Amino acid sequence: MEKILNFINGEFAEPANGQWIDNYEPATGKVYSQIPNSDADDVERAYEAANAAFPIWSNTPYQERSRILSKLADLIGENLDALAAAESKDNGKPVSLASHVDIPRAESNIRFFSTAIMHYASEAHIMEDRVINYTNRKPVGVVGCISPWNLPLYLFTWKIAPALASGCTVVAKPSEITPMTAYLMSKLCNEAGLPAGVLNIVHGHGHQAGDAMVSHPGIKAISFTGGTTTGALIAKKAAPMFKKLSLELGGKNPNIIFADCDFDQMIRTTVRSSFANQGQICLCGSRIFVEASIYDKFKEAFVAKVKRMQIGDPSDQSTKFGAVVSKPHMEKVLSYIELAKEEGGTVLCGGKQHIPEDGNRAEGYYIEPTVIEGLDYQCRVQQEEIFGPVVTITPFESDEHALEMANSVEYGLAATVWTSNLTRAHRVAQQIHSGIVWINCWLVRDLRTPFGGVKNSGVGREGGFEALHFFTEPQNVCIQLKS
Ligand code: NDP
């Protein structure tokens, strides 16, 4: 059985403790590889390699850093098919999604930041009395990057690319549930010419390897994407050590649909924003609020479309809807469907585990895309993050009513608004408590824009120069000129 290895100091290494974790294929529910159950010893080795590489990498001219990272992006592009197949197998997502979204985006994340540093300028503040201040942006040092399982290589590269481009050296941990593409990418790093120790990848459990990274006194910043509860744990541990923290956390995003929207475009996109990646995207709009005058029309058209969605083998190119990531996650999502019934909801379609007829996949983790109505907006199902193929639909009477429900949750990551009235679009967008608002679209991403949430959805912003700011420390140099 294939063994995934840590990548430390440019070399592949087994875990120091000799322990391994089974890695399951969600499509079949079977173990197909093993990953290192790394602990603090592996993290220490990774740190030492990163620390030794830091003076060299941080002093490497930015053009050279850019060239090496561009080469890594090229290699990801050249290996797109293999990486997409691996991502699909590891995560359960349709291979077509991995090859059209995840892997191209991993490539463009690296390319984006490899070129962003070519345009990253310092500020100068000139005072009238012949004093000049300029801002010197220095890489923070050794940083830790911890990423989740839903968009494995996509979110892994979204963190390591700005860190490396800034001149930091990195200890990174992908989710233990989906480690494969980070491992495959580590094989490309040496070919790209990334010096040994600049990027180190340690695989293992969050509570063990991840915790060792967060606790390590030499790791100066943690960039984390994952659940809000984990984010709170990390913040608690890192705060007394005064580490820089970037936390991209959970969401419970509203999708507000006004009667004057382009109905057909809205329906097409709402199916995607509800169920893309089996609803396991932090930006999915899981709470759908529909203006009462079109509620019945919406319900009929939406449910009809969702019922037509076919659950398939993720490795089949024609599959649009695959497996969820793990058995515990499947059970968690199914428990929320049961809770919805207890809370008075009506399941309009889906609502159950799907067991494929194909015997090889009979133990895979499949859930029918599920639409629920009739729930109070303050009930648990409408307040807590489910992170699966489950959406609620709720009518609203006025802008104020929609906003009250939209803003009622503890999260504030993203929102979607559908309306043809530009004034209303702006007004509602201004009043939604979220870091990102899409109007008449969803998941349209410009990598230059600030990305992140408010409230319990996170602290700080990724994207564009925001990410380069995070991985650098500004130093003000003040010069008094002779008169
Ligand atoms: P988790 O919080 O469980 O895990 C995220 C990462 O943190 C994993 O690598 C995990 O390792 C690690 N980890 C877990 N515990 C610790 C710890 N104590 N110390 C350090 N690291 C730890 O999230 P999931 O992987 O379940 O991802 C789903 C969540 O991510 C959802 O809440 C979703 O909304 C959020 N998310 C947010 C995004 C955003 O941009 N705001 C984007 C995508 C997802 P391991 O897997 O081994 O436990």
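Trainee: Which domains does the shell around the ligand draw at least three residues from?
Mentor: In this predicted model, domain 1 (2-249 + 457-478) and domain 2 (253-452) each give at least three residues to that shell.

Trainee: How many residues surround the ligand, and which are the closest?
Mentor: The ligand is surrounded by 32 residues, and the closest are Glu176, Thr230, Leu249, Cys282 and Glu385.

Trainee: What is the make-up of the shell by class?
Mentor: It holds 14 polar, 13 nonpolar and 5 charged residues.

Trainee: Turning to polar atoms, what lies 2.5 Å from an oxygen atom of the ligand?
Mentor: That is a polar side-chain atom of Glu385.

Trainee: How much of the ligand's accessible area does the protein cover?
Mentor: On its own the ligand has 900 Å² of accessible area, of which the protein covers 88%.

Trainee: Which elements give two or more residues to the shell around the ligand?
Mentor: These are α7 (206-215), β11 (221-225) and α8 (228-238).

Trainee: Which element provides the largest share of that shell?
Mentor: Helix α7 provides the largest share, with 5 residues.

Notes
Residues numbered from 1 in each chain as written. Predicted model: local features only at pLDDT ≥ 70, side-chain atom pairs only at ≥ 80, totals over all residues. Heavy atoms only, no water. Near = heavy atom within 4 Å. Polar contact = N/O pair within 3.5 Å; in protein donor to acceptor, adjacent residues only side chain to side chain. Areas by Shrake-Rupley, 256 points an atom, 1.4 Å probe, with all protein chains shown as cover. Helix = DSSP H or I, 4+ residues; strand = E, 2+ residues; numbered from the N terminus. Nonpolar A, V, L, I, M, F, W, Y, C, P; charged D, E, K, R; others polar. Domains from an automatic or database assignment.
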